[in-house]
Amino acid sequence: MINKKKIINEMMKKSKLSECQINMALNAFIDITKEELLKNNKIVIRNFGTFEILNKKEKMWKNPYTLEKTIIPAHKWVKWKASSNLLK
């Protein structure tokens with residue numbers, strides 16, 4: 001698994017930028033991604049993947065153990081699809 005700190009360290013190895021500069025750039029990328037997804041805009045990054053918001057409809061769910069029925073409310077979720085070039 002890789003976390004944000006490890007990403008910053010790897011970016012420092014591959015560039016001449018400081019940790020502070022990379023952290024600011026990564027935070028800006030995350031903020032822009034959040035803002036655009038909240039506006040229901042699709043984000044396409046060539047050779048990496050696509051992020052988009054999908055709307056799930058309300059549905060009935062039945063617990064298989066207790067057989068209790070529950071309504072799962074409508075909600076949004078983020079879908080990410082890898083680029084075909086990423087997986088090669």
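**Walking through the helices and the sheet**

Let's start in the sheet: strand β2 (residues 49–56) and β5 run antiparallel and are joined by eight bridges. One pairing you can pick out in this predicted model is that of Ile53, whose bridge partner in β5 is Val78.

Stepping back, β2 and β5 belong to an open sheet of three strands, in the order β1-β2-β5 and with antiparallel pairing. The edges are taken by β1 (43–45) and β5 (75–82), each of which has a single partner strand, so one side of each is left without a neighbour in the sheet. From one strand to the next, the twist averages 25°.

Now bring in a helix. Lying across β1, β2 and β5 is α2, which runs at about 140° to β1.

Two packed helices are described by the angle between their axes and the distance between the axes. Here, helix α1 (residues 4–14) and helix α2 (residues 19–38) have axes that come within 10 Å and cross at roughly 125°. Angles over 145 degrees would count as roughly antiparallel and 65 to 115 as roughly perpendicular, and α1 and α2 are therefore oblique to each other. The crossing in which α1 passes α2 is right-handed.

Which residues bring the two helices together? On the α1 side they are Lys4, Lys5, Ile7, Ile8, Met11 and Met12, and they meet Glu19, Ile22, Asn23, Leu26 and Asn27 in α2.

Definitions and conventions:
Residues numbered from 1 in each chain as written. Predicted model: local features only at pLDDT ≥ 70, side-chain atom pairs only at ≥ 80, totals over all residues. Heavy atoms only, no water. Axes fitted to C-alpha atoms, helices over the stretch in contact; angles between N-to-C directions. Helix = DSSP H or I, 4+ residues; strand = E, 2+ residues; numbered from the N terminus. Parallel < 35°, antiparallel > 145°, perpendicular 65-115°, else oblique. Left-handed = near helix turned anticlockwise from the far one by under 90°. Contact = heavy atoms within 4.5 Å. Pairing = 2+ DSSP bridges.
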